[in-house]
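Please read the points below with the sequence and the 3D view open side by side.

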Amino acid sequence: MKTIGHLINGEQREDGEQTQLVYNPATGEATKELLLANDDLVDEAIEAARTAFQTWRNEPPIKRARVMFRYKQLLEEHKDEICLLIGEEHGKIGHDAAGELQRGIENVEYACSAAELLKGEFSKNVGPSIDSWSEHQPLGVVAGITPFNFPAMVPLWMFPMAIVCGNCFILKPSEKDPSAALYIANLLKEAGLPDGVMQVIQGGKPVVDRLLKSTEVEAISFVGSTPIAKYIYETASQNGKRCQALGGAKNHAIVMPDCDLDNAVNQLIGAAYGSSGERCMALSVAVAVGNETADKLASMLKPKLEELRVGAFYDNDNDFGPLISREHQQKVVSYIDSAEQDGATIVADGRHPNIERYSSGYFVGPTLIDNVSPTMESYQQEIFGPVLQIIRADSMQDAMDLIDKHAYGNGTCIFTRDGEAARYFSDNIKVGMVGINVPLPVPVAYHSFGGWKQSLFGDLHAYGPDSVKFYTRRKTITQRWPSANVREGATFSMPVL
Ligand code: NAD
């Protein structure tokens, strides 16, 4: 069986007495063995990053950016290999994996403007012959811990910006689908990145805990489920580290009676079922305003769901693939069971899909549940599967109150033709990313990504302009070169102009 190792100081390493199996979710077969790092190996990765930082921090930003120019090209040239690795371990269909990679590459493009982004601020003559400037200094060794659902894109949210800001990076990918992250990290060497600037270290909680405890690691970026995000944020903060921890989600779409319902139905289907609903921005709840809207919505969705193609990533005509694991498949099914037991209506039932040739895969078919109420567990918890629930609300304000009360606040969207209503919605809703007739309002790479409430712990959002702030420390320098002719005596009051 093929093994998956680590990347330390520019070398591929095959260390690790303990291993964990990696599965192909479409077939249910264990296909690879992941080597798990022990404490010594994590420490070695940290030491390699610490050493490389002494030189890398002084490289001109334009030189750091040039590595990213070459890197972008390499990612594009190796697109097929990367998408294959994503498909084999995550199960994502080829077209969706290509979309994920493209969104990741956009973060590399943003990182190419490092020289501009790190320019800082300068003020001449803040006092007599006194100039002042603020600069962004790198933090040192920083680490990223990433989830299974975007094995290439989420790492690319983190390390290109961390690196061009002058830091050295340690990535701990998801142990469920680690190969794509390792592959893209290896391409950095070919792009000209010096050894030690980028490390990949494999494992689970023990590796994370070692990174959290290390006094050499200055900052942690985390993306994953909310309970772990909270743990990481609290532990990192207690250990004096900077941390941003992005958590789970429950994303609502308000469907207004005046909207273009044909369009809304199509948009909802893509956003609810794409990637098997395993996206933190997946729309998993449609809040229909008025019973008539809800009835129409359910009846228009049902036949379209019957046409969806569910299958393995090998066939690019499929709409979505399997879930990540048997355990997760069972969890998703148990949420559908609980909604049914709680009195909701199962309009389309994906609990027993018939997937030709892949009967051992972790598939759940497209599921639509109507008459869901806010007290149901299936509504309160993140399901993370191909399940869309309909809640009926009497008014737009009721729909907004429902969204505001939910523990998560990652993304939301409104379908309407009413500009005034849309503006009121975006002004007042307590959610971090808002779409107006846009179902997946994932910010582009030159904006930043982040939710509110239990969807993000920390002050700064991921990637884009916030990442410059996250991955650097501001230093402000005030400078005067005293003239030989002008000598001032000591002053004891606060200096003012
Ligand atoms: P997860 O929380 O199980 O794992 C994420 C990472 O944390 C992995 O690298 C894993 O190895 C590590 N980890 C797991 N348990 C740990 C523990 N006890 N201690 C320390 N580290 C631990 O998440 P997942 O199942 O891989 O990903 C799905 C989740 O991620 C969903 O909740 C989804 O909403 C969320 N997500 C959020 C965003 C966002 O931007 N907000 C983006 C993608 C995914």
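**Notes on the domain interface and the ligand site**

1. Between domain 1 and domain 2 an area of about 2,100 Å² is buried, and carbon and sulfur atoms give 60% of it; buried area here is the accessible area (1.4 Å probe) that two parts lose on being put together, summed over both. Ala26, Ile93 and Ser455 supply 26% of the area that domain 1 buries against domain 2, which is more than any other three residues.

2. Please keep in mind that this is a predicted model, in which local features need pLDDT of at least 70 and side-chain atom pairs count only at pLDDT 80 or more, whereas totals for chains, interfaces and linings use all residues. Residues are numbered from 1 along each chain as its sequence is written, and side-chain values use heavy atoms, with hydrogens and water left out.

3. The domain assignment of the protein chain gives domain 1 as 2–247 + 455–477 and domain 2 as 251–436, the bounds coming from an automatic or database domain assignment. The centres of the two domains, taken over C-alpha atoms, are separated by 31 Å. Domain 1 brings 24 residues to the contact and domain 2 brings 26 residues, where contact means heavy atoms within 4.5 Å.

4. Across this interface the rule finds one salt bridge, defined as a side-chain nitrogen of Lys or Arg within 4 Å of a carboxyl oxygen of Asp or Glu. Arginine 279 forms a salt bridge with aspartate 96, and their closest N and O atoms are 3.0 Å apart. Nine residue pairs, both at pLDDT 80 or more, are in polar contact across the interface of domain 1 and domain 2; a polar contact is a pair of N or O atoms within 3.5 Å, and within protein one must be able to donate a hydrogen and the other to accept it, while residues adjacent in sequence count only if both atoms are side-chain atoms.

5. On the side of domain 1 that touches domain 2, strand E4 (19–24), helix H3 (79–90) and helix H4 (94–111) each supply at least two residues, helices (H or I, at least four residues) and strands (E, at least two) being DSSP runs numbered from the N terminus. H3 gives the most to this side, with five residues.

6. Which residues are closest to the ligand? They are Thr146, Lys172, Glu175, Ser225 and Glu382, among 27 residues that surround the ligand, counted if one of their heavy atoms lies within 4 Å of it. An oxygen atom of the ligand is 2.7 Å from a polar backbone atom of threonine 146. A ligand oxygen atom is also 2.7 Å from an N or O atom in the side chain of serine 225, and for the side chain of glutamate 382 the corresponding distance is 2.6 Å.

7. Threonine 27 lies in the loop between E4 and strand E5 (29–35), and a polar atom of its side chain is 3.2 Å from the backbone nitrogen of glutamate 29.
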